[in-house]
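I opened the model today and went through it piece by piece. My notes follow in the order in which I looked things up.

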Amino acid sequence: MREEELLRKLTQAQGIAGFEKEVRKLIEEEAAPYADEMMTDAIGNLIVLKKGTGGAQTKKIMFAAHMDEIGFMVKKIEADGRIRVCNLGWNWAGSAYNSRVRFRNGINGVVGCMGSIEDAKNDIGKLYIDIGATSKEDAEKYVKVGDVCGYDGPYMQLLNDRICAKTLDNRIGCYQLLEALKENDGSCPNDIYYVFCVQEELGCRGSKPAAARIQPDIGIAVDITPAHDYPCDLEGSNTVDEGIAIKFSDPSVVCDEDVVSAMVECCEENHIKYQREVIDKGGTDASSMNLSGLGVRAGGIVVVTRYPHSQSAVASKKDIEAGVDLCTAISRHVFQF
Ligand SMILES: [Zn+2]
């Protein structure tokens, strides 16, 4: 793997949707030496431009990787010190139950349930966070209404070049864009905008103003996608270790067929292992770029990930690296439209 320590650091940083500063700072420091231009917009997106060689064939390509992760926001503190929360992004109650969380100020907690987790169905309102406080007054010294927390847990190695960590959705994409930026020596025909977006987990909010500003010819989401290879609640063809996944569609977007063909061509020419991705649940920033301005050709480069939206997501280092290779190949591609 190119820089596993960078991926580890990205997963260990915290960037709950709407509160991405810590992750953005880390990415900014990493990207600065390689950027032609860099700015943070009003909503918090970090936009990094690497110019191409120019000419009639030049396309503006916007790669969008979201920095934010799912988490919880405090809505009420009970008399006995239990902290009640609401969702920031889609949390699965069964996965949150008994897991460890961390607030931005470093306060740790464990998620409990008022009753059996089976009866809670998927209602986050039935959960609470135990920070060890003995009363509301005690809890309020450390945590207040409006504070946010997210999952906590180490970055672990599994067998066969697989890793397990929190927030692989979508620090994998952030890592891939940083590595692709480092490989862009300015000799690409295309102008490449590496955009690290905010609030994707709340409905692709950040990528909208970023796409409006850039007005790209092509918008490509760089994200993860759920695996279907082990028995789970989803069905499809996504398989860990079968290569980087090229998005064809999800419920929010149908990818541009010329962009998809270009991606397939890039993989075949450069011997990058790839698979074809179709999902019937979920979405990415491809949708918001697709519908921005007068319309933008959309695509997606996604890493198949097991147990996404949990503290223990699993992905293959080989798939992640193939994704960097594809971002680099697309940057160098001369598009025929
Ligand atoms: Zn994501």
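**Domains**

I began with the contact between the two domains: twelve residues of domain 1 touch 13 residues of domain 2. This is a predicted model, and I read every entry below with that in mind. On the domain 1 side of the contact I noted four nonpolar, five polar and three charged residues. I then looked up the bounds, which come from the domain assignment: domain 1 is 4–69 + 166–332, and domain 2 is 71–151. For the spacing I took the C-alpha centres, and those of domain 1 and domain 2 are 30 Å apart.

**Helix 7 against helix 9**

Next I asked how helix 7 and helix 9 cross. I found that the axes of helix 7 (residues 257–269) and helix 9 (residues 317–332) come within 9 Å, with a crossing angle of roughly 110°. I count 65 to 115 degrees as roughly perpendicular, so helix 7 and helix 9 are therefore roughly perpendicular to each other. I recorded the crossing of the two helices as right-handed.

Which residues of helix 7 and helix 9 meet? From helix 7 I listed Ala-262, Met-263, Cys-266 and Cys-267, and from helix 9 Leu-326, Ala-329 and Ile-330. By class, I have seven nonpolar residues in this contact of helix 7 with helix 9, no polar ones and no charged ones.

I traced an open sheet of three strands, ordered 10-11-18, with antiparallel pairing. Strand 10 (156–158) and strand 18 (313–316) are at the edges with a single partner strand each, so one side of each has no neighbour in the sheet.

I then followed strand 11 (residues 162–165), which runs antiparallel to strand 18 and is joined to it by four bridges. Arg-162 has Ser-316 in strand 18 as its bridge partner.

**Two hairpins**

I took strand 1 (residues 37–40) and strand 2 (residues 46–50) next; they run antiparallel and are joined by four bridges. Met-39 is opposite Ile-47 in strand 2. I found five residues between the strands of this hairpin, where Gly-44 has a positive phi near 115°.

Then I turned to strand 4 (residues 71–77) and strand 5 (residues 83–88), an antiparallel pair with six bridges. Ile-77 is bridged to Ile-83 in strand 5. What separates strand 4 from strand 5 in the hairpin, and which residue in the turn has a positive phi? I found five residues between the two strands, with Gly-81 in the turn at a positive phi of about 100°.

I also checked strand 4 against strand 9 (residues 148–151): the two run antiparallel and are joined by two bridges. I noted Phe-72 opposite Cys-149 in strand 9.

**Backbone checks**

Last, I looked up individual backbone angles. I found a cis peptide bond between Asp-169 and Asn-170, with omega about 10°. Asn-170 is within helix 5 (residues 168–183).

I also flagged Asn-98, which is not a glycine but has a positive phi of about 65°. I located Asn-98 in the loop between helix 3 (93–96) and strand 6 (100–103).

Key:
Residues are numbered from 1 along each chain as its sequence is written. This is a predicted model: local features need pLDDT of at least 70, side-chain atom pairs count only at pLDDT 80 or more; totals for chains, interfaces and linings use all residues. Axes are lines fitted to C-alpha atoms, for helices over the stretch in contact, and angles run from 0 to 180 degrees between N-to-C directions. Angles under 35 degrees count as roughly parallel, over 145 as roughly antiparallel, 65 to 115 as roughly perpendicular and the rest as oblique. A crossing is left-handed if the near helix is turned anticlockwise from the far one by less than a right angle, and right-handed if clockwise. Two residues are in contact if their C-beta atoms, placed from the backbone, lie within 7 Å. Ala, Val, Leu, Ile, Met, Phe, Trp, Tyr, Cys and Pro count as nonpolar, Asp, Glu, Lys and Arg as charged, and the others, Gly among them, as polar. Two strands pair if DSSP finds at least two bridges between them. Domain bounds come from an automatic or database domain assignment.
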